[in-house]
Every structure is written in structure tokens, then in C-alpha cells.
Amino acid sequence: DGDYPDFSGKRVAVIGGGHGLSNMLRGLKQYTENISAIVTVADDGGGSGMLRQDLGMPPPGDIRSCMEALANTEPVMRELLHYRFTEGSLAGQSFGNLFLAAMNGISGSFDEAVHRMGDVLAITGRVLPVTNQDVRLEAEFHDGSRILGESKIFYAKKINNSRIRKVRLVPERPAALPESVQAIRDADIVVIGPGSLYTSIIPNFLVSGISDAVRQSRACK
């Protein structure tokens, strides 16, 4: 169909986070193995938030979801990655998050941990955190109020019944992972989203170097 790009064998960079990105990857892997998923690390809710607070590591949740989507493993391993504990201090935590937390503990950096977990799961393509820095998301609403923390923004929007005016990262303009920038530059196709605009997509473009890379890329977008 001439209305859509031909993905077969093309180098595709996908930028986003949340469930939208992992679902997109699940479909894309049917068409090309040359996938680079560039994932936001501003999440601070649920099991990810617990590990972030307890271990001081970037949030694993969105990255783990992308790994699951691209993994080529035995059914029992897929079941393990999906498994969530139901009791005790680990209630609500997923085994996949703990797996990545352990890999982070034996690796020199978070992106190295993600790469090594990708090797273990024999993923199609690669998953890249947009930055290795510890960043948080702050939203400013039209009523002048501000909320710090990605997981709190959605609820604050509902409670205040006020629209988001702008979002920013704290600290502002963190450096992008060089591999994420290079993946965008090398791509034949750049896919943005799908996902929540303010909490899954825009945070990636607030990382220094990402917007410029997309703007300069000659890829189909």
C-alpha cells in the first residue's frame, strides 16, 4: 500500500513509553528485526517507583514491557517476566522488574544492564533508555499549580479539572544516551508513540539531543 511506509528489513527507531510503545513493538517485530526502542525513564509509579525509591535506579517498568514485547524466549520465561507477586512486601512487583534491578546491580550502568538483559531474552532489536540520568517529570497546570512525579500528574489533572500547560524534566535538559541519538540518526523510519502525550512521549523530547536528532534525521517520520 503506497500510503504507508514499507517496514520490511528497515531500521526503525520507536520513541515513547507506556503500554502504547510495547504494543507497537509487538507488531513491528513481525516486519523487521532492526528495531531500536527509545524509552522514557520518567516513570515513578507502581513497582517501578518502589525500586526507584529503594535502590536509586532508573524505573524499569516501561523498559521491561518493551523487553517482553521483543523477547524470543520459551513460554515459561515469558510467564516469569509477566508474573506479579501477590503477597508480602513484594505485592504488586513484577519478576521482570526485579530481573532488571538485579542486572543493574551487576552492571556498570543502567543502559548496560538493559543491553545484557536483552541478550538473555534474545530480543528482536534493542531497547535503549533515552537517558541514564535520574530524571523526574513535573507538570504545570493552567490553574498555576505544579505537580512533581509522572504517576501523580494524571490524578492531579482529574482532581483539579485543569489542563496541563507544560511539562519539564527535573533536572532539566539531561544528556541523551549517545546510542539513542545514533539510533535516530541511522533510522530509515522514526515512529513517535503511540502513548500519553505529556507523560510518555514529550519526556523523551525534553532530553538534550533527541529533538535535534529527529529534526536532522532524513527518515520517514
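**Entry 1**

I started with Ala122, which sits in the loop between H6 and E3. Its phi is near 50 degrees, a positive value in a residue other than glycine. I keep in mind that this is a predicted model. I also checked how open the spot is: Ala122 has 39% relative accessibility, so it counts as partly exposed.

Arg173 turned up next, with phi near 50 degrees, again positive in a residue other than glycine. I found Arg173 in the loop between E6 and H8. That loop also holds Pro171, and the peptide bond from Val170 to Pro171 is cis, with omega near -5 degrees.

Where is the cis bond between Gly193 and Pro194? Pro194 is in the loop between strand E7 (189-192) and H9, and omega for the bond from Gly193 is about 0 degrees. I noted these spots because most residues other than glycine have a negative phi, and most peptide bonds are trans.

**Entry 1: the sheet**

I traced an open sheet of 3 strands, ordered E5-E4-E6, with antiparallel pairing. Strand E5 (146-148) and strand E6 (164-170) are at the edges with a single partner strand each, so one side of each has no neighbour in the sheet. From one strand to the next, the twist averages 20 degrees.

I then looked at E4 (residues 136-141) against E6: they pair in the antiparallel sense over 6 bridges. Within that pairing I picked out Leu137, which stands opposite Leu169 in E6. H9 packs on the sheet and touches E4 and E6, and its direction makes about 50 degrees with that of E6.

**Entry 2: Thr199**

I wanted a residue from H9, and Thr199 is in that helix. Is Thr199 buried or exposed? It counts as buried, because its relative accessibility is 15% and the cut-off for buried is under 20%. Leaving aside neighbours within four places in sequence, I listed its contacts as Thr40, Leu137, Glu150 and Ile153.

**Entry 3: the largest pocket**

I went looking for open space and got a largest pocket of about 810 Å³. There are 36 lining residues, and the closest to the centre are Gly18, His19, Asp43, Asp62 and Glu150. Glu150 was already in my notes as a contact of Thr199.

Several helices each give at least two residues to this lining, among them H1 (18-28), H3 (61-70), H7 (150-160) and H9 (197-205). By class I wrote down 7 nonpolar, 21 polar and 8 charged residues.

**Entry 4: the second largest pocket**

This one has about 170 Å³ of space. I noted 13 lining residues, with Asp111, His115, Arg126, Val127 and Leu128 nearest the centre. Which element gives the largest share of the lining? It is H6, with 5 residues. Strand E3 (126-129) also supplies at least two.

The largest cavity has a volume of about 40 Å³. Its lining is Glu138, Ala139, Glu140, Arg146, Lys166, Val167 and Arg168, and the elements giving two or more of these are E4 and E6. I sorted the lining by class and got 2 nonpolar, no polar and 5 charged residues.

Conventions:
Residues numbered from 1 in each chain as written. Predicted model: local features only at pLDDT ≥ 70, side-chain atom pairs only at ≥ 80, totals over all residues. Heavy atoms only, no water. 1 Å grid on protein atoms, 1.4 Å probe; cavity = no way out; pocket = protein on both sides within 12 Å on 5 of 7 lines; lining within 4 Å. Points joined across faces, edges and corners; volume = space filled by probe spheres on them. Helix = DSSP H or I, 4+ residues; strand = E, 2+ residues; numbered from the N terminus. Nonpolar A, V, L, I, M, F, W, Y, C, P; charged D, E, K, R; others polar. Pairing = 2+ DSSP bridges. Axes fitted to C-alpha atoms, helices over the stretch in contact; angles between N-to-C directions. Contact = heavy atoms within 4.5 Å. Buried < 20%, exposed > 50% of the residue type's maximum accessible area, 1.4 Å probe, protein only.
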